[in-house]
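I opened my notebook to jot down what I could look up in this one.

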Amino acid sequence: MTFKDSDKILQLHTLISNAERPVIVTHMRPDGDAIGSSMGMYHYMKSCGKSPKVVLADPAPSNLDFLLPEDMSGDIFIHASCPQKAEDAIEHSDLLVCLDFNAFHRTDSLETPLSASKAQKVLIDHHLSPDSGSFSLVFSKQDISSASELLYHILMELPPVAHDASNLPPDAAVALMTGMTTDTNNFANSVFPSTFAMASELISAGVDRDMILGKLYNRFKESRTRLQGHMLKDNMRITTEGVAYMVLDKATMAKYNVQEGDTEGFVNIPLSIGNVLMSIFAKEDNGYVRISVRSKKGTSANTCARMYFHGGGHENAAGGRLYIPEDIAHINDAAEYIEKVTAEFMKK
């Protein structure tokens, strides 16, 4: 993949070269693509002699800890645990690189300081409807697997890399491969020719994909596997319209000691059933229910999330929320709501 607008690539190179206090940010509750793209940019900037900071609204899931520096105290600030340091980093930054989100509200607690910042702001994202007016420079592409893949192809165009993946810092290459792997569900969805090209080039450059898969998928706690079994056996329901759904409440989370990231991938499992066209995973949070929607080709997860769950995303992978008590009175009402709206949606 090459970018037709070489002026944007040159502009990004100039911004990075001139930045003295660059800060990298991503969306709230960061997933593999968010952390992968953020650390990919972090290591690239470090290789350019910069001292970038990464600001996260929330901690990264534990299965992604291999991407983070052993000593994060000086370079990574988590707003949930050190809000002042995180906000100070943003306030004093002269370049904000925003990855894997299309608008500042997707950063939750970081929205206000990001909006108020006078720094140059670069957006690199693969979601629909980017808020382009809030950024100095925008790289937005939807027919691509992930923000990590988009960033990879951008970095390949920059002079220090010069279309040779072996010129990427090794840690950046691992981070980008990890982000792409998680956002494609290990090449199960949202895969394009450019995605395979990226993987091939990175493996040729020395990235150990087996190591990445082991870190991502073979280090879970026993309690996570037992929760998965419980959800599939005792909780999953499939409607006559072909919608599978699961609802995880706080009581069950406490029973299985669920931590952030423990339920990653649960929503994809029901799609292996032949008659299931769409899968919904609902997880209780404080004052709302987090909704993940996945679908097979021909059924729009994005449209469903936008119409009924205050959300959106990609055509076959989207998310949103149900607010308590505005949408439903209690988590126990989530199942009835999901069945009602999806029956309406699927009939359309």
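**Entry 1: two buried rings**

I started with Phe 266 and Phe 281, and both of them are buried. One reminder to myself: this is a predicted model. Next I checked how the two rings sit. Phe 266 and Phe 281 make an edge-to-face aromatic pair, 5.9 Å centre to centre, with 90° between the planes. I then looked up where they belong in the chain. Phe 266 is in the loop between α10 (250-255) and β9 (278-284), while Phe 281 is in strand β9, so the pair ties together parts 15 residues apart in sequence.

How many aromatic pairs does the structure hold? I got seven. Another of these pairs is Phe 309 with Tyr 337, also edge-to-face: 6.0 Å centre to centre and 65° between the planes. This pair links distant parts of the chain, 28 residues apart. Phe 309 is in the loop between α11 (301-308) and β11 (312-313), and Tyr 337 is in helix α12 (residues 334-347).

Are these two buried or exposed? Buried means under 20% relative accessible area. Phe 309 has 0%, so I noted it as buried. Tyr 337 has 18%, so it goes down as buried as well.

I also found a cluster: ring pairs link Phe 101, Phe 104 and Phe 135.

**Entry 2: charges over rings**

Here I looked for arginines sitting over rings. The charged end of Arg 224 sits over the ring of Phe 220, 3.7 Å from the ring's centre. Arg 321 has its charged end over the ring of Tyr 288, 3.9 Å from the centre.

**Entry 3: helix α5**

How many of the residues of helix α5 are buried? Eleven of the eleven (residues 147-157) are, so I wrote that α5 is largely enclosed by the rest of the structure. The buried residues include Glu 149, His 153 and Glu 157, and Leu 150, Leu 151 and Ile 154 are among them too.

**Entry 4: α5 against α7**

A note on how to describe this: two packed helices are described by the angle between their axes and the distance between the axes. The axes of α5 and α7 come within 10 Å and cross at roughly 65°. I put the crossing down as left-handed. On the α5 side I listed Ser 148, Glu 149, Tyr 152, His 153 and Met 156, which meet Ser 194, Thr 195, Met 198, Glu 201 and Leu 202 in α7. Sorting the residues of this contact gave me four nonpolar, four polar and two charged.

**Entry 5: α6 against α7**

Helix α7 (residues 193-204) also packs with helix α6 (residues 170-183), at an angle of about 150° and with the axes 11 Å apart. I noted a left-handed crossing for α6 and α7. Which residues of α6 meet α7? They are Ala 173, Leu 176, Met 177 and Met 180, and their partners in α7 are Thr 195, Met 198, Ala 199, Leu 202 and Ile 203.

**Entry 6: Thr 181**

My last stop was Thr 181, found in helix α6. Its relative accessible area is 0%, so Thr 181 is buried. What does Thr 181 contact, leaving aside its neighbours within four places in sequence? My list reads Asn 186, Phe 187, Arg 209, Leu 213, Leu 216 and Tyr 217.

Definitions and conventions
Residues are numbered from 1 along each chain as its sequence is written. This is a predicted model: local features need pLDDT of at least 70, side-chain atom pairs count only at pLDDT 80 or more; totals for chains, interfaces and linings use all residues. Side-chain values use heavy atoms; hydrogens and water are left out. Axes are lines fitted to C-alpha atoms, for helices over the stretch in contact, and angles run from 0 to 180 degrees between N-to-C directions. Helices (H or I, at least four residues) and strands (E, at least two) are DSSP runs, numbered from the N terminus. A crossing is left-handed if the near helix is turned anticlockwise from the far one by less than a right angle, and right-handed if clockwise. Contact means heavy atoms within 4.5 Å. Buried means under 20% relative accessible area, exposed over 50%, partly exposed in between (1.4 Å probe, protein chains only). Rings of Phe, Tyr and Trp (its six-membered ring) pair if their centres lie within 6.5 Å; planes under 30 degrees apart count as stacked, over 60 as edge-to-face and the rest as tilted. A charge sits over a ring if NZ of Lys or CZ of Arg is within 6 Å of the ring centre and within 35 degrees of the ring normal. Ala, Val, Leu, Ile, Met, Phe, Trp, Tyr, Cys and Pro count as nonpolar, Asp, Glu, Lys and Arg as charged, and the others, Gly among them, as polar.
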